[in-house]
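Thanks for making the time, everyone. Please have a look at the sequence and the fold on the screen, and then I will talk you through a few parts of it.

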Amino acid sequence: MNDMPHRVLTHDTGPPEPDHMRPHRSGTFGVLDIGTTKIACLIARVDSDGELRVLGCDWRQGLGVRGGSIVDLEKAERAIRACVGQAENMADTRLRDVIVNLTCGQPGSRIYNVKWSLDAPAEGRPVTDHDIREVLREGRHLSQAEGREPVHVMPLTFALDNTDHVVDPRGLYCSTLDARLHVIDVSSSSLRSLEACLQRCDLEIEAIVSAPMAAGMSTLVDDEREIGSTIIDMGGGTTNVASFFENQLIHTAQIRIGGVHVTADLAKGLSTPLAHAERLKTLWGNVETSPDDERDMLPVPRVGEADHHLAKVPRSMVVNIIRPRIEETLEAVRDKLAESGLSHATGNRIVLTGGACLLPGLPHLASRILGHDVRVGRPPSIRGMPEIFTGPAFATVTGLLIWAANEGGTFHDVDPRRGGRQSWFHRLVNFIRDRV
Ligand SMILES: Nc1ncnc2c1ncn2[C@@H]1O[C@H](COP(=O)(O)OP(=O)(O)OP(=O)(O)O)[C@@H](O)[C@H]1O
Ligand SMILES: [Mg+2]
């Protein structure tokens, strides 16, 4: 059985990977990250040598999205159409469907233990793909029974009669199969809105992928996913968290605070227009004070006053407005990780990504609040992809591409879709049915 899809790197980093570890998707495909502040689209194919090649791309300001969810269909449609259209023109192709990020509908992780009787003679019988499908289906039912829509159903581990910690039970004998499932589910109304929005753009959803999982795919190295690491994708309207351990995605969480809240705090605190607050943040922002902060005076236009009417504020004032919001965010992440009860596995290493992690001093502050090593994670460079996409703000969209190129993870030969046509929703649920 394969492990989770590997990072796709264009530069030569050592011995060639075995063929089964290379991206194996054929044809042209597109991915779309609909973020709160920006929309990014990549169109790619896997070259004959197994490397990914980007054929078209675009990114632009996001519209009609708040806190990761679509709140204005018309505006969101306009932005998505323009973004995808530009990428399509560059790739000289038209997309019918796309793989999109999941940040809407307050996605959350649940763990279910499912018991499946094989209805076998005393000595048992071999576990089949059908048994796995039934176990995964049961996981979906459990989530639906709680009024949620399951998007990912991933087996973490199996137990066969009295044998624990079985990774792939297929072909092994038993009478009872126990599975520990990690289900990521969301509120269904937000998903329907996402579907409606993409339909307006003449796009079908091929699959929907947890945004922080995608960010983890593009920024964590294999060893980090193996020994246990947590990726924190600090975006505009949300901070999304995904923890990996032993090459599996074991937990995700979302905090609905991001960079736009920091900007809004600055705008309010300094009575300055939002656009200027954003500029102040990206040019002069910091989460740590320095001795010069009292002396450095920054020009600040006041809301409603003429542009030339500038006030001067010490840089320390800017830092003192930014810092509490970042502390609040990181403390919320710490609480979510503690609530998960998985801190032994998730906290070994923290990787920050997303546009909002670019504030100077953030890794240091995060290390203090979360109590672990922290680094900033950037996506790898991919053939044909502009340099800007290797910035932290593009971790999700490049992760979606890597995910798409690998067509999901393990058990991809188990197809729970067998048996008739299914709705887009079932198709997308099923696409991500397996563990990473
Ligand atoms: N140099 C910088 N310093 C501080 N913040 C920055 C910098 N560059 C970008 N940001 C902030 O990053 C945020 C956008 O990040 P990103 O593009 O990852 O978010 P998004 O994907 O649109 O949002 P979300 O994932 O929450 O839906 C903005 O709030 C922006 O102000
Ligand atoms: Mg994002």
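Predicted model: local features only at pLDDT ≥ 70, side-chain atom pairs only at ≥ 80, totals over all residues.

The protein chain has 436 residues, of which 47% count as buried, and its secondary structure comes to 12 helices and 20 strands. If we take the contacts between residues at least 6 apart in sequence, 70% of them join residues that are at least 24 apart.

Let me turn to strand 1, which covers residues 29–34 and in which six of the six residues are buried. Phe 29, Val 31 and Asp 33 point one way from the strand, while Gly 30, Leu 32 and Ile 34 point the other way, and all of these are buried. As a reminder, in a regular strand the side chains alternate between the two faces of the sheet.

Which strands does strand 1 pair with? Strand 2, residues 38–46, runs antiparallel to strand 1 and is joined to it by six bridges, and the two form a hairpin with three residues between them. Within that pairing, Val 31 stands opposite Leu 42 of strand 2. Strand 6, residues 97–102, runs parallel to strand 1 and is joined to it by two bridges, with Val 100 in strand 6 as the bridge partner of Leu 32.

In soluble globular proteins, nonpolar side chains tend to be buried together.

Finally, helix 3, residues 188–200, has 13 residues and reaches 18 Å from its first C-alpha to its last, close to the 18 Å expected at 1.5 Å a residue. Where on this helix do the buried residues lie? They are Leu 191, Leu 194, Glu 195, Cys 197 and Leu 198, and, seen down the axis of helix 3, they fall within an arc of 160°, so they line one face of the helix. After helix 3 comes Asp 202, whose phi is positive, near 60°.

Notes. Residues numbered from 1 in each chain as written. Chains lettered and ligands numbered in written order. Helix = DSSP H or I, 4+ residues; strand = E, 2+ residues; numbered from the N terminus. Buried ≥ 20, exposed ≤ 12 C-beta atoms within 10 Å, placed from the backbone. Contact = placed C-beta atoms within 7 Å. Expected span 1.5 Å × (residues − 1). Arc of directions from axis to C-beta. Pairing = 2+ DSSP bridges.
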